[in-house]
Amino acid sequence: MTNATDAAGCGCGCGMPGRAQFVPLESALSRPDVPTAAAAHGIEQARIPAGRFAMGDSSGDRNPADGETPVHEVALSAFEIDATSVTNEAFARFVDATGYVTEAESFGFSAVFHLAVDAPDGDIIGQAPGTPWWYGVKGADWRRPHGRNSGIDDRADHPVVHVSWNDAQAYCAWAGRRLPTEAEWEYAARGGLESAKFPWGDEPVDDGGWRANIWQGVFPTQNTLEDGFLTTAPVRSFAPNGYGLWQPIGNVWEWCQDFFDPGYYRRSPAADPAGPETGASRILRGGSYLCHDSYCNRYRNSARSQNTPDSSMGNAGFRTVAGVAS
């Protein structure tokens with residue numbers, strides 16, 4: 001398997017490039033003030049009980065550079081987490097209420113997988129070094145996920161993509177929410193199954209029918225579409241895990257609150273870890289529709305990736321959390 005950290009230089013994200021790997025068209029960003037509207041979030045919640053779990057990879061499928069070990073016991077307080085990724089519909093409510101401009105829109109481009117591009121050739125500004133299947137595409141953003149000729153009119157229930165970590169933070173501020181810590185994300189994704197590789201257990205992703213939206217065929221040139229999707233799937237596709245979370249793995253990578261440090265697990269606090277205090281990039285979890293065993297096997301509960309907080313791409317979104325009163 002190709003090591004995606006070596007190929008992309010920024011973790012995996014199915015080889016997703018950091019924004020700095022493309023030539024930016026415009027670096028000046030303008031942000032409106034974001035008011036709070038907690039009642040407008042509108043995503044169903046899954047209540048996650050307080051408890052302990054073994055965090056990290058115990059399957060042997062780890063990627064050493066990602067820091068998936070050592071396995072360590074973590075105790076977490078109770079919290080509520082979105083049952084699905086934040087959808088286009090929910091993100092549109094946020095933008096309509098605030099006038100928020102995403103970083104993809106401000107920079108003028110975002111990263112689109114080459115087979116998904118729906119834009120004039122002149123909109124392609126270049127490829128990412130080491131991951132030539134990623135194109136920088138002018139005009140690609142959350143409303144036009146594949147380029148200026150695409151749209152989301154028939155994708156209200158798909159996860160919003162082309163949102164950076166900074167954009168996700170702005171949404172959380174409006175919704176009165178926050179991004180999950182990496183530990184919260186993994187605990188919720190496991191659905192109560194201790195040390196399992198996937199949210200449903202250890203059975204292969206295609207055992208008895210596809211259980212997640214990942215790549216089938218020969219990456220990155222041929223997708224046989226056995227699971228029905230080239231890119232994103234509706235957020236309630238396949239089956240939820242034991243805690244009621246839909247698609248915590250596959251479909252889209254999900255931003256977490258934490259900074260990334262591959263050595264963090266060796267010094268992580270035993271209770272409610274919040275990640276390193278500083279860092280250059282932020283954690284993403286869960287894998288995406290581009291994950292494949294031959295290249296990126298990070299569609300697992302314990303798998304980690306990372307990217308810079310201003311980066312956006314067509315296979316990353318987010319879900320949010322809130323604490324639960326005792």
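This is a predicted model: local features need pLDDT of at least 70, side-chain atom pairs count only at pLDDT 80 or more; totals for chains, interfaces and linings use all residues.
**Figure 1. The open sheet formed by S10, S11, S12 and S13.** The order of the 4 strands in this open sheet is S12-S11-S10-S13, and their pairing is mixed. Strand S12 (304–307) and strand S13 (316–317) are the edge strands, each of them pairing on one side only. Strand S10 covers residues 253–259 and strand S11 residues 282–285; the two are antiparallel and are paired over 3 bridges. S11 and S12 also run antiparallel, joined by 4 bridges. Both faces of S12 are covered: Arg304 and Gln306 are buried on one side, and Ser305 and Asn307 are buried on the other.

**Figure 2. The surroundings of arginine 282.** Within S11, arginine 282 stands opposite phenylalanine 259. The bridge partner of arginine 282 in S12 is asparagine 307. The charged end of arginine 282 sits over the ring of phenylalanine 259, at 3.6 Å from the ring centre. That charged end also sits over the ring of tryptophan 165, 3.8 Å from its centre. Asparagine 307, the partner in S12, is among the buried residues of that strand.

**Figure 3. The stacked pair of phenylalanine 91 and tyrosine 171.** The structure holds 20 aromatic pairs. One of them is stacked and joins phenylalanine 91 to tyrosine 171, with 6.1 Å from centre to centre and 15° between the planes. Phenylalanine 91 lies in helix H2 (residues 88–98) and tyrosine 171 in helix H4 (residues 165–175); the pair thus links distant parts of the chain, 80 residues apart. Phenylalanine 91 has a relative accessible area of 0% and is buried. Tyrosine 171 is likewise buried, with a relative accessible area of 0%. Ring pairs link Phe91 and Tyr171 with Phe94, Tyr100, Trp142, Trp174 and Phe318 into a cluster.

**Figure 4. The edge-to-face pair of tyrosine 187 and tyrosine 243.** Tyrosine 187 and tyrosine 243 form an edge-to-face aromatic pair, with ring centres 6.0 Å apart and planes at 70°. Tyrosine 187 lies in helix H5 (residues 182–190), whereas tyrosine 243 lies in the loop between strand S9 (222–223) and S10, so the pair ties together parts that are 56 residues apart in sequence. The relative accessibility of tyrosine 187 is 7%, and this residue therefore counts as buried.

**Figure 5. The buried residues of helix H2.** Asn88, Ala90, Phe91, Ala92, Phe94, Val95 and Thr98 are buried in H2. An α-helix has 3.6 residues a turn, so residues three or four places apart point the same way. The buried residues of H2 pack against H4. Two of these residues, Phe91 and Phe94, also belong to the cluster linked by ring pairs. Just after H2, glycine 99 adopts a positive phi of about 75°.

Methods. Residues are numbered from 1 along each chain as its sequence is written. Side-chain values use heavy atoms; hydrogens and water are left out. Two strands pair if DSSP finds at least two bridges between them. Buried means under 20% relative accessible area, exposed over 50%, partly exposed in between (1.4 Å probe, protein chains only). Rings of Phe, Tyr and Trp (its six-membered ring) pair if their centres lie within 6.5 Å; planes under 30 degrees apart count as stacked, over 60 as edge-to-face and the rest as tilted. A charge sits over a ring if NZ of Lys or CZ of Arg is within 6 Å of the ring centre and within 35 degrees of the ring normal. Contact means heavy atoms within 4.5 Å.
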